[in-house]
Amino acid sequence: MENNQYGLGIVGFGGMGEHHSRTLEGNERIKVVSVCDIKPERVQHGQELGYTGYERYEDMLNDPQVSLILIATPNDVHKELAIQALEAGKHVICEKPVTMNAQELQDILDVEKRTGGVFMVHQNRRWDNDFRVIKKIYDEKLIGEVYNIESRVHGSRGIPGDWRHEKIHGGGMMLDWGVHLIDRIMVMVNEKLTKLYCEFSYVWQGECDDGFKLMLTFESGRTAFIEVGTLHYASLPLWYVNGTEGTAVIPDWSNKGEMTRLVDFEEKDAMPIVAGAGFTKTMAPRGEGNVEKLPLPVVESDVKEFYANFIDCVEGKAEPFIKNSEVMHVMKIMEAAFQSAETGQAIHFE
Ligand code: NAD
């Protein structure tokens, strides 16, 4: 390849495969050279965009221009495609969820170890600006010590009408969105998980979960609540985070949230208020000057760092940002969530 570039082949040239090809346009170290898909029309589309098109994966793996493989197929074939690529001496980027379960990931990691290839999972939502902002608030204690985090995504259109609503392909919202939201919480909290409880929703009455509610408890007592829903015509905020000195809210991806911070704790008892058909001191709002509204901190983030880190790892110059041990942990948490839902019990971790 010219200019110190690595040639990349994308297997699965659907929505996300094409998204990667666009994101990589102009990348100095990675050049998309070929695409492979089982649908001839997607291969043809790739050819129209200037890539070499393959219907047979083996042919792409034999292409000497291709030293990197990016897997963007439905989830059930990630494992076999990753193992074939590693066996062929390629380095691999794999879409999330990495596999259908933790054992499949272990099978890939065994081959990675033997072949010496780099295998990295595209947990791109670690670069979402909303997450970076919340992580900064958390790390820098901008609302005091965070004791509860709520992370949500709400849609109203159900599961898309593709493989995502079929179990055999790894459909359902836990594998689709849960994998991102759990991954980010685990990166941010970075503490031992002691307990989880999960319930899935099937409001659209399909075979796959169309949403879930997952409660995580950490060693310090800190909690995280993760919710995905696909029948919400009005959405709750993406983030609602409670600290000992404030609350942070990010309503949606426009990132126009705010922090409400305590200014004066006020030792004296609150004045009671009339509330509905009753009367309360406990829930009396804070008065003027007691709290202040602050803008969210500004954070820069660029998902292109992911690809740069992948190349640094291929060249042995860096540690991966997305560690396979972290990816494995998330796979096991998702398995525990399914177990919790099936048994109706909380799962406790040693
Ligand atoms: P999609 O249906 O749009 O595209 C998948 C493509 O793979 C299709 O064109 C299909 O024909 C092809 N395909 C299926 N089996 C194949 C095989 N054995 N060999 C070659 N091609 C094959 O799906 P999508 O939305 O692009 O999702 C693909 C993957 O990307 C999934 O794992 C999904 O979870 C992931 N994804 C990640 C993000 C993210 O933000 N990280 C977003 C969307 C999708």
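Gln205 is found in the loop between strand S8 (193-201) and strand S9 (211-218), where helices (H or I, at least four residues) and strands (E, at least two) are DSSP runs numbered from the N terminus. Its phi is near 60°, a positive value in a residue other than glycine, and with a relative accessible area of 71% Gln205 is exposed; here exposed means over 50% relative accessible area, buried under 20%, and partly exposed in between, with a 1.4 Å probe and protein chains only. The model is a predicted one, in which local features need pLDDT of at least 70 and side-chain atom pairs count only at pLDDT 80 or more, while totals for chains, interfaces and linings use all residues. Residues are numbered from 1 along each chain as its sequence is written, and side-chain values use heavy atoms, with hydrogens and water left out.

A second residue with a positive phi that is not glycine is Lys141, with a value near 50°. Lys141 lies in the loop between helix H6 (129-139) and strand S7 (146-154), and its relative accessible area of 43% makes it partly exposed.

Turning to the chain as a whole, there are 9 helices and 17 strands, and the C-alpha atoms fill a box of roughly 75 × 45 × 40 Å, taken along the principal axes. Of the 350 residues, 49% count as buried. The accessible surface comes to about 17500 Å², of which 50% belongs to carbon and sulfur atoms; such areas come from the Shrake-Rupley method with a 1.4 Å probe, and for residues only the protein chains shown count as cover. Among contacts (heavy atoms within 4.5 Å) between residues at least 6 apart in sequence, 69% join residues at least 24 apart.

The domain assignment gives domain 1 (2-122) and domain 2 (126-257 + 296-301 + 333-348), with bounds that come from an automatic or database domain assignment. The C-alpha centres of domain 1 and domain 2 lie 28 Å apart, and 8 residues of domain 1 are in contact with 10 residues of domain 2.

In soluble globular proteins, nonpolar side chains tend to be buried together. The largest nonpolar core of this model has 98 residues, and those with the most contacts inside it are Phe119, Ile149, Ile185, Leu216 and Trp239; a nonpolar core is a set of buried Ala, Val, Leu, Ile, Met, Phe, Trp, Tyr and Cys residues joined through side-chain atoms within 4.5 Å. Helix H7 (residues 173-189) gives the most to this core, with 11 residues, and the core draws at least three residues from each of domain 1 and domain 2. Leaving aside residues up to four places away in sequence, Leu216 touches a set of residues that includes Ile185, Leu193, Ile226, Ile333 and Thr223.

Thr223 is found in strand S10 (residues 223-229) and counts as buried because its relative accessibility is 16%. Its side chain makes a polar contact with the side chain of Asn148 at 2.8 Å, a polar contact being a pair of N or O atoms within 3.5 Å; within protein, one must be able to donate a hydrogen and the other to accept it, and residues adjacent in sequence count only if both atoms are side-chain atoms. Apart from neighbours within four places in sequence, the residues in contact with Thr223 include Tyr147, Ile149, Met215 and Thr217.

In helix H8 (residues 304-314), the buried residues are Phe306, Tyr307, Asn309, Phe310, Ile311, Cys313 and Val314. What covers them includes helix H1 (15-23), along with strands S1 (6-11), S2 (30-36), S4 (68-71), S5 (91-94) and S6 (119-121). Just after H8, Gly316 takes a positive phi of about 70°.

The ligand is surrounded by 25 residues, of which the closest are Met16, Asp37, Asn75, Lys96 and Asn124; a residue counts here if one of its heavy atoms lies within 4 Å of the molecule. A backbone N or O atom of Met16 lies 2.7 Å from an oxygen atom of the ligand, whereas a polar side-chain atom of Asn124 is 2.8 Å from a ligand nitrogen atom, and a polar backbone atom of Ile38 is 3.5 Å from a nitrogen atom of the ligand. On its own the ligand has 840 Å² of accessible area, and the protein covers 85% of that.
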